[in-house]
Amino acid sequence: MKNGEKDIFRSAAEAQQGLCELYRRCGYRHYKMSKFEEYDFYAKNKNFLVSGNVITFTDPDGRLMALKPDITLSIVKNARWQPGGAEKVYYTESVYRPEKDGGEFREITQTGLECVGDLSLYDTAEVLLLAVQSLEKISRDAILSLSHLGFLEGLLDEMKPDEPLRRQILRAVSQKNMPALRALCGKSGLAAADGDRLITLTGLCGSFPETEKELRVLNRNEKTDEAYRTLCAVYEALAAVGAAERLRIDFSLLNDMRYYNGIVFRGYINGIPQGVLAGGSYDRLLAEMGKPSANAIGFALYLDLLERLFPGETEDESVLLSADRDVPIGKVLKEAQTLREQGLRVRVQAVDDGSAAARKLRLTKEGMADADA
Amino acid sequence: MQMLNIALPKGRLGEKVLTMFEKAGRSCPAIHEGGRKLIFECEGTGVRYFWVKPSDVAIYVERGAADIGVAGKDILEEYSPDVYELLDLGLGKCRMCVAGKKDFLDDREKTLRVATKFPHIARAHYARQSRQIDIIKLNGSIEIAPILGLSDVIVDIVETGTTLLENDLTPLETILPISARLIANKAGFLFKNQEITALTQQMEALCENGRDTK
C-alpha cells in the first residue's frame, strides 16, 4: 500500500510521537534514561562514541559525571533477557555532543530502537522493516541504503593489507574514490583480481535484484558467503511485506568495524543532504562490554535534521482579538473560547500591537467587529 | 526530470571544467552571456550551474545545495568533507609541498615552525614523521614567512615554483599531488543516481581521451 499524504508526519513533534507509537506496537518497551551518567562509563567505551568530547561536571560526592553523549551504550549495559529471548526497547532522548570531533557541542534529539539478546534473522528483518516504515512516515521519497560489513571484510581478508593500507582502502571505499582505490590496490603486491573485486563492490549502487548477480560473482569465502546469504534473506523478507523497494545496496556505507559487524544501514530523505537514520548490528560492542555470544541491532533517527522538511508555523488560522477595557473580562474569555471552538488560534491583547495575524478582531461593548472596520 | 545542481569553482579551472561538462552533453547557453549572474539553468539538459569560490565548493556539495561539484584535492584533504570523490579530472594539477629557504637545514632538536594555509594537512604530514611542529596559520603571502623569520618552512601549493623561486625559496618535499576532483553529495548520489553515474562515466571517458591525445 502506498502512503497517502495524510499518513505522513507534518511536524517534528508529530514524528516523534508517531514513531514511538510505531515501535510500541511492535512490542518495544519505552527506555527512559537519566540525562547524565558517570563519566567513567563513557570513558571506557570512548571509541564507540561519535566524538570523544563529553560535557562533564562533578556531583556533590565528587564523582565525575557526564551529560549523556549516547543512548546505545546505556541500553546495552542495562539490557536483560532470558535465553533465546531479547530486550527490545525504543527511546526518544537528547544527547549532547559535537557533530564531529573538534566541533561545538550541540543538543541532538534522537528517536530510535535497540534490540539486544539472542537474536535471529527475524529480528534483523523486523528492525529493517521498522527503519523503512519510519522513513516512509517522514517522506514518500526515502531510501534505505544497506550494506553488510562481512562482505567488505571477506574481500579484505583475501588481500591481507597491512593496517595503514587497510585504513586508506576503507577511507577510499567510503568516498567511492575509484582512482584512489585503483592506486591503493595496485600497491604493495596486492593481487590485481582482488583489487578489481573490491572496486566492483564499492561501485555497486542499486536495488538488491540489480546488484545480486554481481554479488554472487564477488562471493569468495565464508565471510562473503554469510554476508550474501544474510542480504538475500532480509531482502526476501522485506519484499514479502512490500518494503524492499526502498532498499539500495551500497557498500560505501561503513560503520566502525571495531563495534559493528554484519548489516549496517542509513536512511535518506530526498531534500535532506545528510542521512537522517543510522543503524546496524553491533555484536562486537557487546563482546567488548562483556556480553559475548549475544547480538544487537538498532537504529536512531536524527529528528533535528527534519526541521527544514516540515512547513513552519503559519498565521493562516490565527486571530488577534483586541478587547476594549470596558468589556467584562468574562465576556472576552467567552468570545475567545467560541472562536477557538471553530478551530481558530486566538490571541487576546488589549490593543492591536501590529503583530501578524490572518484576521484581526475588535471586541467592544457593542459586540465583535473586524478591527479595520 | 530532476534538475542536477552543479557547483563550479570560479576562475580558470572552472571554465575548463565547464567545457568538460558541456562536452558531456550538459551545456547551458545562458552561462556564456556574461554579466554578474552566478546561477544559470537549462531546462533542456536538466542542469543548474552556479559559480562559487573554489574553496567553498565542497561546502555546497556536503550540505546538499549542489549535488555535484569540482573541488581541488587540497581542499578535500584539508577539510575532509563527507562527500563521494568520484573522479580525478586531471585538471589544475599541482602539488602540496614543504618549502624553505635554499640554505635551510632541518634541525630535529628544535620544534619546527610551519606557516601554512593548510594546518590539517601540515599536521598530518609531520605526525607521520613523528615530528612536533608549531603551526602558524596564515591566509596569504605564505612565502614571506621564512624570509621574515616567522617560520622555518611553509606548507603550500606549488604549481610551477616561480613564486617560490622569486622569494628565494625552494621545494623541499612533496606531500601530495593535487588535481581537481568530481565530488558528489551522498544523499544526492542516491536520489539522482542515474544522472550522476551517467555524467561521471561521460566525464571519465573525456578524461581518458584527454590523456590519449596528450
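**Notebook: a two-chain predicted model**

I started with chain B and its contacts (C-beta atoms, placed from the backbone, within 7 Å): among those between residues at least 6 apart in sequence, 67% join residues at least 24 apart. Before going on, I noted that this is a predicted model, where local features need pLDDT of at least 70, side-chain atom pairs count only at pLDDT 80 or more, and totals for chains, interfaces and linings use all residues. Residues are numbered from 1 along each chain as its sequence is written, while chains are lettered from A and ligands numbered from 1 in the order in which they are written.

**Chain B, overall**

I looked up the secondary structure and found eight helices and 11 strands in chain B. These are DSSP runs numbered from the N terminus, with helices being H or I of at least four residues and strands E of at least two. The C-alpha trace of chain B spans about 60 × 35 × 30 Å along its principal axes. I also checked burial: 40% of the 214 residues of chain B count as buried. For this, buried takes 20 or more other C-beta atoms within 10 Å of a residue's own, with C-beta atoms placed from the backbone.

**Chain B, the sheet**

Next I traced an open, mixed sheet of six strands in chain B, in the order 2-3-1-4-11-5. Strands pair here if DSSP finds at least two bridges between them. Strand 2 (39-42) and strand 5 (84-88) of chain B are the edges; each has a single partner strand, so one side of each has no neighbour in the sheet. From one strand to the next, the twist averages 25°.

I then zoomed in on strand 1 (residues 4-9) and strand 3 (residues 47-52) of chain B, which pair in the parallel sense over six bridges. Within strand 3 of chain B, Tyr49(B) is the residue opposite Ile6(B).

Helix 1 (residues 12-23) of chain B lies across strand 1, strand 3, strand 4 (68-72) and strand 11 (180-184), and runs at about 145° to strand 1 of chain B. Axes are lines fitted to C-alpha atoms, for helices over the stretch in contact, and angles run from 0 to 180 degrees between N-to-C directions.

**Chain A and the interface**

Buried residues make up 36% of its 373 residues. The C-alpha atoms of chain A fill a box of roughly 95 × 55 × 40 Å along the principal axes.

Last, I asked how many residues of chain A are in contact with chain B. There are 13, and they meet 12 residues of chain B.

Key. A residue is buried if 20 or more other C-beta atoms lie within 10 Å of its own, exposed if 12 or fewer, and partly exposed in between; C-beta atoms are placed from the backbone. Two residues are in contact if their C-beta atoms, placed from the backbone, lie within 7 Å.
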